[in-house]
Amino acid sequence: MTTPYACTAPAQDHVPRPGGQLVGRGTETGRIADALADARSGRGGTVMVTGEPGVGKTRLAAEAVAAARDAGMATARGRAGSVGPAVPYRPLVEALLALSRAEPLPGTEEPDGYGPLPRLLSDPHGAEEAAVSPLMVAEEVLRLIAAAGRGRGCLLVLDDLHEADPGTLAVVEYLLDNLGHLPAVLLLTAERGPCGAVALAARARQDGVATVIDLAPLGRSAVRRLVASELGIAPEEVSPAIVQRAATGGAGLPFVVKELVHGLGGVAQNLRLRAARLGPRGEEFLNLAALLGPRFPLPVLRHAARCDEAELTGLLRAATAASLVVPDGPGTDWYAFRYPLAAEALRDSLGPVEHPALARRAADALTALHPRLPGTWCTRAAELHERAGDTAKAVRGFTEAARRATAEGAPDRALDLLARAHRLSDPDTAPELHAAVLARLLDAVGSSGRLDRLPAAPVSGLPDEGADRPWEPGPTVPPSLRAGLHARLAEIQVQAGRPVEGLRRLDLARRLLAGLDDAAAVARVELAAALVEPARLAPERLRTAEESARRAVDAAHRAGLPEVAGRALLALARLVREEDETAAVARLEEARSLAEAHRLPGVRLSAELGLARVEARRDGRTAPVERARTEALRAGLLPTAHEAGLELALDRVRRGAFDSAGELVDEGIAEATRLGLGRALSRWRLVDAVRWAHQGRRAEMGEALRRLAPLVDAAPGVRPVAYGLARGFCSLLEEDHEGVERDFAQALAYDAENPATGEFGRHGIVLLLGVLAGRMGRRHHAGVVAASAAGARWNRPFVGLAHAVLLGREGRTAEATAAATAALDAAAPYPVARHLCLRLVARSAYEDGWGAPVEWLREAEEFFHGAGLPAPAGACRSLLRGMGAPVRQRRSGADRVPPGLRRCGITVREFEVARLLAERFGNRDIAGRLHISPRTVEKHVSSLLQKTGHPTRAAFASAARELVAGPAV
């Protein structure tokens, strides 16, 4: 008697319902569901799932088993495998045993029952002795699954058929041809590759007796969903970095993605098992390949593996067939691991003895075939030396790789490499090597502005020669090398806004150099002096720094240090720019040429920024500065980017683009604060104060200066600017004459104590105010004009109007008017400064009879009124009254008066009359509409004609029709 068999609790123990979510396999599960439905209807079929290891074949089969159970179908599952002794018909035996756990199978109750099945189930190894025919096994399997699936359908799953014995494959081939009339589905899985199972799948596909599903890796979207499922979070919460690593490093293989989420232990174990199948030489081959990286060149691998071409070809074929490696491009000598994480997992699983030995072989092979270690091989060779325990070679390799990264404009990569070299170098066993690496690391930190990458103890192993005790020579590190370290640390301390510590380091470096004749050390220390001396509180600080810069250039050329020479030239250009722009440009051009000749991207970009700043100050064009900032940000050169950003922010303030300037300021403050760039932070705070000052908003300016106060020591040159461009300018917009005198006097006093490297008014507005007050004459004017800073576009309006005032006092009115016109043309980009100039020189122009003071005051009054600056607007109106000129009334609706009429002094009421006059209304009609008397209308008409210069009302009406167009009142 036969009975249908359902998979009860014991069978569920054998095939658990899959946990988690099956992702990205909707099409495949749909095809399997169709096959299950056909089986329940009495039409049998076969589904064969192929794919590389880890792609999810077994997981898909488990999902099929769960779906069949949910539909009430009988299920059984067996797996071929290589663990343990070989068992004939193993997957079939496992599957039928699963069915027999529910209740005895028909014909299996007695050992001598029907067919070979009882013998197989009781003693599988006995099948060989009894010479069991695969045909007889196949027929009995057909009979059993037909009985098990009667009325409900049956699913028989045979996993990993690529490892099945020939007898099993023969049974499967028979089942493929004879399953169509039974209520059963045969689901087979096999790895893609040269094996009997895959050949069977190809034949079945060709004959149309099976549905073949070749699983592909998951796409990025499916990877994200799978990671989210494993972590128990929503897909949108998954970090993009994890998705990137899983999708690329794991090649979209579900098994690897899951292992990546929970650790790579499972991946390593799986890889080790698969590598072991290749034999000892195959394992060694893969380990060496993994040490060379995710992709590797065959010539280097062959050299390291010490094998001939034939053996290499055989090993490659075996590894490729096992889906462990793949060709990396057609016709190349490069191969790659199927997924990059495989190389990482294999490396990490190497033992403590074999790891260094294999790494040394790989490093030797690499250097033997590529002595110059081009491209990334330099870093790879250093890593191999590190793994081999050859620390000195590893340190030198990382340092050389960092030098190349710097030349390629990749400072972040250079920092990473130098940090690795610094961690590896030992100050006790190799002090000079440690100090040399530290010097390179400090250079990289300083040039990139990444003070957050500074080592926690940058001078570990080096005595700190304190200023309060005599220096004693160190027993290991030469004084010249120690001097260079202190010089570099001095620069970084000034960058961090700690000038006192920077100056202390500089003094220590100088003491260490006493009596030494070392051009390289002298160049390095003098360069630091050129950069650090401006932080010293001393009147001669800029002159001292300039002298140091010149000495640094000379010493660097003698020592053959182009980067030091280039940086010294940049420092020299900054120091002489205000007084001698031509010399500054020459130094910048020299630095740029040097940088291009020696591939120094940081020096080149700083030189180009310096030239762009000179051009922007001369003609007001900032596009080159914008480009330099963008390139600096892209290259990771943050000090250069901050310098460009400060220039742009200040220019936008001068142009009245206060919101845009504020965005730059906020961004700069946040970045400088995050990285600990105290000197840059002080300058950003200063520009913030200037921004508010140029809007006449003293409270906000005061708050910005309060935040600047703790930082003023970080950059002594900010004090004159804080009193000139900030406080003094704000006082001008408040018409606080005593405050103006006090603020600019204080700015000049600070500049005398510690000369500023930036413009604060000495070459512009201070000159104009001094000339207007009678304190400065022609001689002082000539002295200021001699400086290059006076030719900057921002200063030209003030310098030119000061010249005009002096010419007017000498009675040269035509020349004064021409000078004023040129100065005001130069002021066109700077609306606040232009109208402030108009207000300041109008009285002198009126008294000496040059220019157009009335028009100027009306224009300035209009601007200040619109800008919400009542003090200068009121001063303009007061000056106009003093000149006997009509003064407009600031009443409600003034903004409706067109600017052209406002400049003529037309009031709101006169504009209302003008609009009706332009429509040819008579006086009585106008009076009626405006509810005023005809006599008042007549006075307004007369005033309109006088202010606009028209002879008759008809002429005014014709000329003003378009100007005053709008709905009549």
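Tutor: A residue counts as exposed when its relative accessible area is over 50%, and as buried when that area is under 20%. Keep in mind that this is a predicted model.

Student: Okay, so is Gly-882 buried or exposed?
Tutor: Gly-882 has a relative accessible area of 64%, so it is exposed.

Student: And which helix is Gly-882 in?
Tutor: Gly-882 belongs to helix α43, residues 870-882.

Student: Switching topic: at what angle do α22 and α23 pack?
Tutor: About 25 degrees, with 10 Å between their axes. Angles under 35 degrees count as roughly parallel, and therefore α22 and α23 are roughly parallel to each other. The crossing of α22 past α23 is left-handed.

Student: Which residues meet there?
Tutor: On α22 they include Ala-435, Leu-438, Leu-442 and Val-445, and on α23 they include Leu-485, Leu-489 and Ile-492. The contact is made up of ten nonpolar, two polar and three charged residues.

Student: What about the largest nonpolar core, how many residues does that have?
Tutor: That core has 204 residues. Among the members that touch the most others are Phe-337, Tyr-339 and Trp-850.

Student: What does Phe-337 touch?
Tutor: Leaving out residues up to four places away in sequence, its contacts include Leu-286, Phe-296, Val-325 and Leu-346. Another core, of 40 residues, lies apart from the largest one, and Ala-74 and Val-141 are among its members.

Notes:
Residues are numbered from 1 along each chain as its sequence is written. This is a predicted model: local features need pLDDT of at least 70, side-chain atom pairs count only at pLDDT 80 or more; totals for chains, interfaces and linings use all residues. Side-chain values use heavy atoms; hydrogens and water are left out. Axes are lines fitted to C-alpha atoms, for helices over the stretch in contact, and angles run from 0 to 180 degrees between N-to-C directions. Helices (H or I, at least four residues) and strands (E, at least two) are DSSP runs, numbered from the N terminus. Angles under 35 degrees count as roughly parallel, over 145 as roughly antiparallel, 65 to 115 as roughly perpendicular and the rest as oblique. A crossing is left-handed if the near helix is turned anticlockwise from the far one by less than a right angle, and right-handed if clockwise. Contact means heavy atoms within 4.5 Å. Ala, Val, Leu, Ile, Met, Phe, Trp, Tyr, Cys and Pro count as nonpolar, Asp, Glu, Lys and Arg as charged, and the others, Gly among them, as polar. A nonpolar core is a set of buried Ala, Val, Leu, Ile, Met, Phe, Trp, Tyr and Cys residues joined through side-chain atoms within 4.5 Å. Buried means under 20% relative accessible area, exposed over 50%, partly exposed in between (1.4 Å probe, protein chains only).
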